[in-house]
Amino acid sequence: MAREHAFNIGLPDNIVNCNEFLCMLQKKLDNLQCLYCEKNFRDKNTLKDHMRKKQHRRINPKNREYDRFYVINYLELGKSWEEVQLEDDGEFLDHQEDKWSDWEEHPASAVCLFCENQAETIEKLYVHMEDAHEFNLLKIKSELGLNFYQQVKLVNFIRRQVHQCRCYGCHVKFKSKSDLRTHMEEAKHTSLLPERKTWDQLEYYFPTYENDTLLCILSDSESDLTAQEQNENVPIISEDTSKLHALKQSSILNQMLLHECLKN
């Protein structure tokens, strides 16, 4: 497309969900819509002439609908691609010879799961999410008995659904995050979590955004455990490895592999 038609949507390495992206562009063109100014035309030839003469052979950079298809939007939570591009690396180079004593550490800000609001402490963020979005992560953690890694998977699941503008309560997809947020707040779907098996998956160990500070400040202290968990005193008994062959045959991993083979 870039070589033959001067139409460039970016380097392949910078694009995610490529098939969905191309299908979206194809649908817009089939509907006789210019990809840049987003005006509609009466026929395909008129559209092609318009895009050629006006040099509109590119996508609209202001259309946030395209953000989820570019890696740059996953790098820094709370920053759009425009903000990332505007950051001047020269400023860092100019000051790299400064003394370390002149350097001041600024607390990392965690970003809300549903909007762009940022807070310097987890407590402030919890309060914001409960007041603004009626989402109580501490209550959910307590009721479901979530450990640290389960909290990570839940946060990553919600991040991904919100980034894809999809309501996890009713699975409806929206055109923008603001439309999604309005729907979830009006329908009270922020606290309507799906079944555990939906989000408690290995894929959600991986963050949606590269620098998600919220994942680093999730609480897993003993004081947060329920009374039942604190009172449990379960002994750990090592397996008898004297009969290794028999042990391998009865291994739970062996049973899981057998189950997967039969299922497939």
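Student: Which side chain has a polar atom 3.5 Å from the backbone oxygen of Asn-156?
Tutor: That is the side chain of Thr-208. Keep in mind that this is a predicted model.

Student: What else does the side chain of Thr-208 reach?
Tutor: The backbone nitrogen of Arg-160, at 3.4 Å.

Student: Where does Thr-208 lie?
Tutor: In the loop between H10 and H11.

Student: Is Thr-208 buried or exposed?
Tutor: Buried. Its relative accessibility is 11%, and the cut-off for buried is under 20%.

Student: Now the helix. How many residues has H8?
Tutor: Helix H8 has 16 residues, 148-163. From first C-alpha to last, H8 reaches 22 Å, close to the 22 Å expected at 1.5 Å a residue.

Student: How many of the residues of H8 are buried?
Tutor: 13 of the 16, so H8 is largely enclosed by the rest of the structure.

Student: What happens at the start of H8?
Tutor: Asn-147 makes a contact there. One of its side-chain oxygens comes to within 3.1 Å of the backbone nitrogen of Tyr-149.

Student: And which residue with a positive phi follows H8?
Tutor: Cys-165. Its phi is near 60 degrees.

Student: Switching to charges. How many salt bridges are there in the whole structure?
Tutor: A search finds twelve.

Student: What does Lys-153 pair with?
Tutor: Asp-200. The closest N and O atoms are 2.4 Å apart.

Student: Why does that pair tie together parts that are 47 residues apart in sequence?
Tutor: Because Lys-153 lies in helix H8, while Asp-200 is in the loop between H10 and H11.

Student: Are those two buried or exposed?
Tutor: Lys-153 is buried, with a relative accessible area of 8%. Asp-200 counts as partly exposed, at 22%.

Student: Back to Arg-160. Which side chain does it meet in a salt bridge?
Tutor: The side chain of Glu-203, at 2.9 Å from N to O. Arg-160 is in helix H8 and Glu-203 is in the loop between H10 and H11, so this pair ties together parts 43 residues apart in sequence.

Student: How exposed are they, then?
Tutor: Arg-160 is partly exposed at 22% relative accessibility. Glu-203 is partly exposed too, with a relative accessible area of 41%.

Student: What about Arg-42? Which residue is its salt-bridge partner?
Tutor: Asp-43, with the closest N and O atoms 3.6 Å apart. Arg-42 counts as exposed, at 71% relative accessibility. Asp-43 is partly exposed, at 27%.

Student: Which residues are linked in a network of salt bridges?
Tutor: Glu-20, Arg-68 and Lys-173.

Student: New topic, the surface. Which residues make the nonpolar patch?
Tutor: Tyr-149, Leu-202, Tyr-205 and Phe-206. The patch is about 500 Å².

Student: Where is Tyr-205 found?
Tutor: In the loop between helix H10 (196-199) and helix H11 (213-216). Tyr-205 is partly exposed, at 36% relative accessibility.

Student: Last one. Where does UniProt place the "domain: C2H2-type" feature?
Tutor: At residues 32-61 and 163-194, in an unreviewed entry.

Student: What are those spans made of?
Tutor: Residues 32-61 are 33% helix and 0% strand, with the end C-alpha atoms 19 Å apart. Residues 163-194 are 34% helix and 0% strand, and their end C-alpha atoms lie 17 Å apart.

Note on methods: Residues numbered from 1 in each chain as written. Predicted model: local features only at pLDDT ≥ 70, side-chain atom pairs only at ≥ 80, totals over all residues. Heavy atoms only, no water. Patch = residues over 30% accessible without salt bridge, like charges linked within 9 Å, V, L, I, M, F, W, Y side chains within 5 Å. Areas by Shrake-Rupley, 256 points an atom, 1.4 Å probe, with all protein chains shown as cover. Salt bridge = Lys/Arg side-chain N within 4 Å of Asp/Glu carboxyl O. Helix = DSSP H or I, 4+ residues; strand = E, 2+ residues; numbered from the N terminus. Buried < 20%, exposed > 50% of the residue type's maximum accessible area, 1.4 Å probe, protein only. UniProt positions renumbered as here; feature names shortened; annotations may be inferred. Expected span 1.5 Å × (residues − 1). Polar contact = N/O pair within 3.5 Å; in protein donor to acceptor, adjacent residues only side chain to side chain.
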